[in-house]
Amino acid sequence: MTTNGTQGTDGPGAPNGPGGQAWAAVRVVRDRNARLYLASVVVSGFGTSALWLASGVWVKDLTGSDGLAALCLLAMWAPTLAGPLLGTLADRFRRKPLLIGTSLLLAGLLLALLAVDSPHGLWLLYAVLFVYGAAGVVQDAAESALIATAVDRSLLGDFNGLRMTAGEGMKLLAPLAGAGLYAAYGGAGVALLDAVTFLCATVLYAFLRVREERPAPPRDSPRERIAEGARHLWSHPALRPLVLAGGATMLCAGLSGALVYAVVEDLGHSPAYAGVLYAVQGAGSVVLGLGSGPALRRFGERRFAAYGIALLAAAVALRAVPNDPLTWACSAAIGVGLPAVLIATPTAVQRETPGPLLGRVTATAHTLVFTPNVVGLAAGAALVELLDHRLLLVALGCTLAAVAVTLFQSAVSAERTASRSPSDASPA
């Protein structure tokens with residue numbers, strides 16, 4: 001493990017040590033562990049994105065039901081609600097063997113989908129997707145904890161940004177590949193592809209060079225271990241505002257995402273035009289991921305997230321104007337603004353959480369940030385039928401602006417507190 005110096009959560013600075021003034025993303029790519037892990041993100045992310053699309057199409061073809069097709073996404077997302085509990089596994093076992101084990105488990109489970117060829121086999125598909133989602137929660141927690149010890153701490157922001165870039169890049173490419181593979185070989189072909197990607201990820205995990213101590217046997221009950229992670233998040237003055245802002249942002253993002261087809265209709269295009277807007281948004285996220293490390297060092301996690309949310313607020317509100325070039329610009333701005341809090345939050349969690357707690361805290365933060373997105377999608381689908389989507393977009397923009405202001409004030413307050421001398425803090 002490298003131990004170059006690192007900054008505080010909200011203070012600007014630059015990475016210490018040789019090459020600190022160079023573009024840190026290059027240093028990340030040169031780091032063996034970071035390079036292997038990013039490769040595993042690309043490989044497994046490709047399979048996951050392909051299956052995400054194909055599973056719904058598969059069910060639709062077998063049953064003709066839109067509702068049953070939508071249940072695929074629900075089955076994959078539902079385990080996120082149990083994140084605080086599943087995260088305890090990442091603190092109970094060594095993280096590298098846990099990643100290898102869960103990847104092998106998923107590869108084996110996906111092979112079971114080769115038997116799904118009629119509506120009678122849908123229970124197996126839903127069961128596999130549910131376990132798939134649960135294993136994903138465990139893997140996310142274990143990966144975050146492992147990377148915090150395997151990669152130079154001063155490069156965590158750069159690494160998380162590149163991870164976002166890799167993930168978004170796969171979202172742009174994998175659905176197209178998955179659709180083509182499904183058309184040629186059906187859902188079983190996509191499941192087989194995903195199984196192979198997990199086997200490849202297993203090999204990459206095996207080559208990681210990390211030294212892990214065996215975790216001490218837990219002395220507390222599972223409920224107490226879960227509560228310990230939640231207490232750390234809630235009591236930490238830097239993590240709590242980030243997680244709350246992340247949850248509020250993802251709630252608004254879910255609501256806004258449910259309105260995209262109304263925006264497309266207002267522009268006078270067919271529903272397929274939404275795919276173009278999503279592609280532009282994905283390109284913006286790729287750009288943000290590449291530049292996130294330097295931005296985090298300049299502004300700190302909370303300021304970086306606040307600026308991103310502010311940009312998101314403007315872009316969401318301006319989508320109410322039915323103009324093609326403006327809508328493209330707004331989609332790119334959403335791609336840049338939305339991921340800021342999603343990069344800043346895990347980076348702060350990795351820096352501010354003790355290693356033995358990191359799995360639980362990561363999974364709890366993931367639940368608190370991403371669950372509101374599902375709620376927002378459901379609420380937006382209902383509200384768009386009742387209210388003018390342009391009014392909703394403006395209201396969401398104002399709400400996001402308020403979140404950005406609150407987070408920015410939190411960062412300013414923290415900086416003032418940190419800059420006070422002991423005599424200022426305790427005046428005579």
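The model is predicted. Its protein chain contains 15 helices and zero strands. The chain has 428 residues, of which 50% count as buried. Among contacts between residues at least 6 apart in sequence, 84% join residues at least 24 apart.

**Packing of α2 against α6**

- Helix α2 spans residues 32-63 and helix α6 spans residues 122-150; their axes come within 12 Å and cross at roughly 165°.
- Angles over 145 degrees count as roughly antiparallel, and α2 is therefore roughly antiparallel to α6.
- The crossing of these two helices, α2 and α6, is left-handed.
- On the α2 side, the contact is made by N33, Y37, G47, T48, L51, S55, W58, V59, L62 and T63.
- On the α6 side, the contributing residues are L122, L125, Y126, L129, Y132, E143, I147 and A150.
- By class, the contact of α2 with α6 has twelve nonpolar residues, five polar ones and one charged.

**S55 within that contact**

- S55 lies in helix α2 and is one of the α2 residues that make the contact with α6.
- The relative accessible area of S55 is 1%, so this residue counts as buried.
- Apart from neighbours within four places in sequence, S55 is in contact with C72, L125 and L129.
- Of these partners, L125 and L129 are also listed on the α6 side of the helix contact.

**Packing of α4 against α13**

- The axes of helix α4 (residues 83-92) and helix α13 (residues 358-383) come within 7 Å, with a crossing angle of roughly 155°.
- That angle makes α4 roughly antiparallel to α13.
- The crossing of α4 and α13 is right-handed.
- Helix α4 contributes G83, P84, G87, T88, A90 and D91 to the contact.
- Helix α13 contributes L358, G359, R360, A363, T364 and T367.
- The residues of the contact of α4 with α13 divide into four nonpolar, six polar and two charged.

**Aromatic pairs**

- The structure holds five aromatic pairs.
- One of them is formed by Y132 and F198, with ring centres 5.7 Å apart and 80° between the planes, an edge-to-face arrangement.
- This pair links distant parts of the chain, as Y132 is in helix α6 and F198 is in helix α7 (residues 156-206), 66 residues apart.
- Y132 and F198 are both buried.
- Y132 is also among the α6 residues in contact with α2.
- Another pair is formed by Y307 and F408, whose ring centres are 6.1 Å apart and whose planes are at 50°, so the pair is tilted.
- Y307 lies in helix α11 (residues 273-318) and F408 in helix α14 (residues 389-419), so this pair ties together parts that are 101 residues apart in sequence.
- Y307 counts as partly exposed, at 39% relative accessibility.
- F408 is also partly exposed, with a relative accessible area of 29%.
- Y307 and F408 belong to one aromatic cluster together with F299.

Terms used. Residues are numbered from 1 along each chain as its sequence is written. This is a predicted model: local features need pLDDT of at least 70, side-chain atom pairs count only at pLDDT 80 or more; totals for chains, interfaces and linings use all residues. Side-chain values use heavy atoms; hydrogens and water are left out. Axes are lines fitted to C-alpha atoms, for helices over the stretch in contact, and angles run from 0 to 180 degrees between N-to-C directions. Helices (H or I, at least four residues) and strands (E, at least two) are DSSP runs, numbered from the N terminus. Angles under 35 degrees count as roughly parallel, over 145 as roughly antiparallel, 65 to 115 as roughly perpendicular and the rest as oblique. A crossing is left-handed if the near helix is turned anticlockwise from the far one by less than a right angle, and right-handed if clockwise. Contact means heavy atoms within 4.5 Å. Ala, Val, Leu, Ile, Met, Phe, Trp, Tyr, Cys and Pro count as nonpolar, Asp, Glu, Lys and Arg as charged, and the others, Gly among them, as polar. Buried means under 20% relative accessible area, exposed over 50%, partly exposed in between (1.4 Å probe, protein chains only). Rings of Phe, Tyr and Trp (its six-membered ring) pair if their centres lie within 6.5 Å; planes under 30 degrees apart count as stacked, over 60 as edge-to-face and the rest as tilted.
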